[in-house]
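Please read this briefing alongside the sequence and the 3D view.

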Amino acid sequence: MSTSPAPDALLGPADIRELAAVLGVRPTKQRGQNFVIDANTVRRIVRTAEVRPDDVVVEVGPGLGSLTLALLETADRVTAVEIDDVLAGALPATIAARMPQRADRFALVHSDAMQVTELPGPAPTALVANLPYNVAVPVLLHMLETFPTIERTLVMVQSEVADRLAAGPGSKVYGVPSVKANWYAEVKRAGAIGRKVFWPAPNVDSGLVSLVRRAEPLRTTASRREVFAVVDAAFAQRRKTLRAALAGWAGSAARAEAALVAAGVSPQARGESLTVEEFARIAEAAPDREGPLPSSGSAESVEPRQRKDSE
């Protein structure tokens with residue numbers, strides 16, 4: 001590994017504001033931009049993520065580069081995915097100026113993370129990101145699905161979203177994001193982040209979520225798409241029993257009940273009480289399973305915060 005970076009290589013509040021002014025950048029709510037301005041916070045994130053010297057880290061939404069620089073201090077390589085034209089254009093120069101000895105270990109992908117299907121260089125082993133709050137869940141699920149080599153993930157998201165991702169069956173906030181994240185990984189809350197470390201300061205609290213990929217995929221003959229279709233249907237009508245909620249998915253309430261009984265799940269249960277394993281068993285028992293699959297809808301791309309009224 002190269003010589004350790006200088007202590008002042010990371011960006012502080014004055015650096016962030018100066019860089020933003022030079023670039024004419026004004027953080028936008030549309031893209032959920034809240035830049036971290038505290039070096040201690042980004043180093044804490046890297047420690048909590050347990051980034052190792054041999055890790056190839058992918059970062060989504062690097063912004064001005066606060067977390068990127070901290071990741072480069074420790075990881076073998078960092079690939080950043082940035083959608084914003086101005087930020088993507090400026091980031092390589094920031095890395096070269098502040099951490100020149102690590103610049104050859106950095107790669108930039110100028111793209112919408114939801115459209116990324118491949119990355120340059122070695123396969124990523126970790127995902128560490130301050131995710132834009134308005135697209136946090138769909139981006140997280142897309143990255144976990146697209147890059148199965150990602151073993152460890154640590155994301156900073158809105159506190160409410162962090163609670164939902166890490167929730168277990170029976171919790172009031174257990175829902176679609178909880179089940180789908182658990183399909184890929186063991187999920188837990190990994191800390192809270194104060195509002196004052198951001199510019200501009202958000203009007204919501206933030207939380208860290210740790211996801212460690214399952215050592216072995218869930219044992220099921222059903223595909224991810226089949227299981228997620230059941231999950232989407234179960235939570236689309238959250239207050240209904242599964243017999244009623246899955247009627248559309250199965251073709252009728254009677255067929256839904258038959259599938260539930262075959263899966264060993266009570267037809268009177270509700271989605272919020274089921275584990276991902278139980279959803280998989282229901283998918284396996286789907287009527288006409290060899291036929292066309294029900295649409296999984298857009299629940300994967302709906303941020304939990306925006307679904308509060310319906311859940």
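**Sheet and aromatic pairs**

Seven strands form an open sheet with mixed pairing, in the order β4-β3-β2-β5-β6-β9-β7. Strands are DSSP runs of E with at least two residues, helices are runs of H or I with at least four residues, and both are numbered from the N terminus. Two strands count as paired if DSSP finds at least two bridges between them. The model is predicted: local features need pLDDT of at least 70, side-chain atom pairs count only at pLDDT 80 or more, and totals for chains, interfaces and linings use all residues. Residues are numbered from 1 along each chain as its sequence is written, and side-chain values use heavy atoms, with hydrogens and water left out.

**The sheet**

- Strands of a sheet pair through backbone hydrogen bonds, either parallel or antiparallel.
- β4 (106-110) and β7 (185-193) are the edge strands; each has a single partner strand, so one side of each is left without a neighbour in the sheet.
- On average, neighbouring strands of this sheet are turned by 20 degrees against each other, direction ignored.
- β3 (residues 77-82) and β4 run parallel and are joined by five bridges.
- Val-78 stands opposite Phe-106 in β4.

**Helices on the sheet**

- Helix α5 (residues 136-146) packs on the sheet and touches β2 (56-60), β5 (126-130), β6 (152-158) and β9 (206-213), where contact means heavy atoms within 4.5 Å.
- The direction of α5 makes about 170 degrees with that of β6; axes are lines fitted to C-alpha atoms, for helices over the stretch in contact, and angles run from 0 to 180 degrees between N-to-C directions.
- α7 lies across β7 and β9, at about 120 degrees to β7.

**Aromatic pairs**

- The whole structure holds five aromatic pairs. Rings of Phe, Tyr and Trp (its six-membered ring) pair if their centres lie within 6.5 Å; planes under 30 degrees apart count as stacked, over 60 as edge-to-face and the rest as tilted.
- The ring centres of Tyr-174 and Phe-235 are 6.2 Å apart and the planes stand at 70 degrees, so this pair is edge-to-face.
- Tyr-174 lies in the loop between α6 (159-166) and α7 (176-184), and Phe-235 in helix α8 (residues 224-236), so the pair ties together parts that are 61 residues apart in sequence.
- Tyr-174 is buried, with a relative accessible area of 3%, and Phe-235 is buried at 1%. Buried means under 20% relative accessible area, exposed over 50%, and partly exposed in between (1.4 Å probe, protein chains only).
- Trp-183 and Phe-228 form an edge-to-face pair, 5.9 Å centre to centre with 75 degrees between the planes.
- Trp-183 in helix α7 and Phe-228 in helix α8 are 45 residues apart, and both are buried.
- Ring pairs also link Tyr-174, Phe-235 and Phe-279 into a cluster.
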